[in-house]
Amino acid sequence: MKTRILRGMAVAASLGLLLAGCSASDNGQETPAPAAGGDLVVDGELVASAEVYEAAKQEGTLVFYTGASEVSEKEVTDAFTELTDIPVEIVRLAPNKLQERILSENAAGKLGADIVRISGEDLIVALAEDEVFQKTELTDDVAGSLIEGAAFDEGLYYNSFDRVYSFGYNNQVIAEADAPDNWADLTSAEYKGQVGLVQVGAGGSTAALTRFQFDKLGEKWMKDLAANDPRVFDSSANLTDALARGEIGVGMVPIGTAYSAIIAGAPITIAMPEEGAAAYPFYLGQTQSTSRSNAATVFMNWLLSASGQSLAASIGDYPVNEKAPNPTIGDVELPALDSGFLYRSTLDESLANLEADAKLWMQIFDYTG
């Protein structure tokens with residue numbers, strides 16, 4: 001079933017889903033920006049009432065703390081601002097570092113974020129327990145379109161999409177005929193010293209990948225990989241940069257992160273291994289401390305709407321709105337949610353295995369941070 005997708009440097013125009021003042025629906029029609037003084041309705045969904053929307057536009061610049069790719073989040077915030085005239089400032093850190101900043105600022109009563117997006121079940125639960133979030137009032141249209149299980153703690157925070165963790169290779173360093181097809185290939189002597197991976201404690205993405213690898217590929221596979229002299233990075237952003245520069249030939253990387261690099265011209269080819277790939281959620285919540293609650297509510301609703309979720313799907317993320325299309329990378333459609341390709345753990349399953357998986361991973365790779 002192995003399919004390689006999207007050779008880098010050939011897709012620069014493929015992500016133009018949202019252009020000035022309009023959004024693209026899944027039927028290819030453009031949705032004009034709402035008229036002044038009216039409800040915000042996008043692709044047939046009520047995103048905000050006129051009252052909330054007009055108040056939101058008076059509140060100034062939203063501050064968006066995120067652990068997702070800065071490039072992909074810039075696509076999101078640019079699209080939102082074009083549609084609504086509400087500016088958004090991005091603060092991007094690796095999820096573990098982002099949680100540290102949020103907890104520190106919250107303890108000091110100086111949390112700068114209006115909206116937080118972060119991966120990692122332990123990270124999101126800790127933020128919720130620290131009373132970082134408040135419930136967001138979703139419109140009936142948006143709330144009614146979400147898949148089962150998208151809301152947590154009765155709407156205190158939400159899954160905003162599932163990102164997929166696979167691997168890719170630098171197609172200027174490794175010829176297609178010599179490239180790895182599946183996870184099993186990464187332990188081959190052919191790739192000794194060429195494989196990069198991110199340390200297990202970086203966030204929810206690496207925790208989800210590690211759970212998948214232990215459960216589906218096995219501890220022996222992990223030990224064989226460690227014996228193949230891989231290079232360990234502290235974040236997927238650093239790994240992706242090294243992969244794009246050819247410092248490593250192969251790298252384990254989230255598809256959305258790799259695709260963002262491809263759009264920017266990186267010579268990366270993404271693999272779709274037949275053993276499957278790990279899926280992990282990015283959680284989304286509005287902060288208690290926000291002074292821009294109307295704008296934050298509009299942003300939350302749009303991110304979870306069919307319009308916002310279609311943009312997520314366009315860079316390979318699995319949407320949580322049932323009206324959004326199946327994820328694609330360029331003109332390649334990813335396997336369906338129920339195809340068996342995705343390996344997904346519930347929040348409780350992730351938390352139950354987190355500590356033991358991390359301990360064993362660090363032993364295998366002799367990693368001390």
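Residues are numbered from 1 along each chain as its sequence is written, and side-chain values use heavy atoms, with hydrogens and water left out. Because the model is predicted, local features need pLDDT of at least 70 and side-chain atom pairs count only at pLDDT 80 or more, while totals for chains, interfaces and linings use all residues.

The secondary structure of the protein chain comprises twelve helices and 19 strands; these are DSSP runs numbered from the N terminus, with helices (H or I) of at least four residues and strands (E) of at least two. Of the 369 residues of the protein chain, 56% count as buried. Here buried means under 20% relative accessible area, exposed means over 50%, and partly exposed lies in between (1.4 Å probe, protein chains only). Among contacts (heavy atoms within 4.5 Å) with a separation of 6 or more in the protein chain, 74% join residues 24 or more positions apart. Helix H11 (residues 306–313) is largely enclosed by the rest of the structure, because eight of its eight residues are buried. The buried residues of H11 include Gly308, Gln309, Leu311 and Ala312.

A nonpolar core is taken as a set of buried Ala, Val, Leu, Ile, Met, Phe, Trp, Tyr and Cys residues joined through side-chain atoms within 4.5 Å. The largest such core has 60 residues, of which Trp183, Leu186, Leu225, Val250 and Met252 touch the most other members. Helix H9 (residues 255–263) supplies the largest share of this core, with six residues. Val250 is in contact with Phe167, Tyr169, Ile174, Leu186, Val195 and Leu243, among others, when its neighbours within four places in sequence are left aside. Another core, apart from the largest one, has 32 residues, including Val47, Ala150, Leu284 and Ala296.

Cavities were identified on a 1 Å grid over the protein atoms alone, as sets of points where a 1.4 Å probe fits but cannot get out; lining residues have an atom within 4 Å of a point. Grid points are joined across faces, edges and corners, and a volume is the space filled by probe spheres set on the points. Two cavities of 30 Å³ or more were found. The largest cavity has a volume of about 40 Å³ and is lined by Ser72, Glu73, Val76, Arg117, Phe161, Arg163, Ala312, Ile315 and Asp317. At least two lining residues come from each of helix H2 (70–84) and strand E11 (157–170), and H2 gives the most, with three residues. The lining of the largest cavity divides into four nonpolar, one polar and four charged residues, where Ala, Val, Leu, Ile, Met, Phe, Trp, Tyr, Cys and Pro count as nonpolar, Asp, Glu, Lys and Arg as charged, and the others, Gly among them, as polar.

The second largest cavity holds about 30 Å³ of space. Its lining consists of Leu197, Val198, Thr206, Leu209, Thr210, Gln213 and Trp361. Strand E12 (195–198) and helix H6 (204–217) are the elements that give two or more residues to this lining, and H6 gives the most, with four. In the second largest cavity the lining residues are four nonpolar, three polar and no charged.

Arg163, in the lining of the largest cavity, is placed in strand E11. Arg163 counts as buried because its relative accessible area is 2%. The side chain of Arg163 makes a polar contact with the side chain of Asp317 (2.7 Å); a polar contact is a pair of N or O atoms within 3.5 Å, where within protein one must be able to donate a hydrogen and the other to accept it, and residues adjacent in sequence count only if both atoms are side-chain atoms. Not counting residues up to four places away in sequence, Arg163 touches Ser72, Pro254, Tyr280, Phe282 and Ile315, among others.

Lys135 lies in the loop between strand E9 (133–134) and helix H5 (140–143) and is partly exposed, at 47% relative accessibility. The side chain of Lys135 makes a polar contact with the side chain of Glu154 (3.5 Å). Beyond neighbours within four places in sequence, Lys135 is in contact with Asp153, Glu154, Gly155 and Leu156.

Asp153 is placed in the loop between strand E10 (151–152) and E11, and has a positive phi, near 50 degrees.

How values were computed. On a 1 Å grid over the protein atoms alone, a cavity is a set of points where a 1.4 Å probe fits but cannot get out, and a pocket is an open set with protein on both sides within 12 Å along at least five of seven lines; lining residues have an atom within 4 Å of a point.
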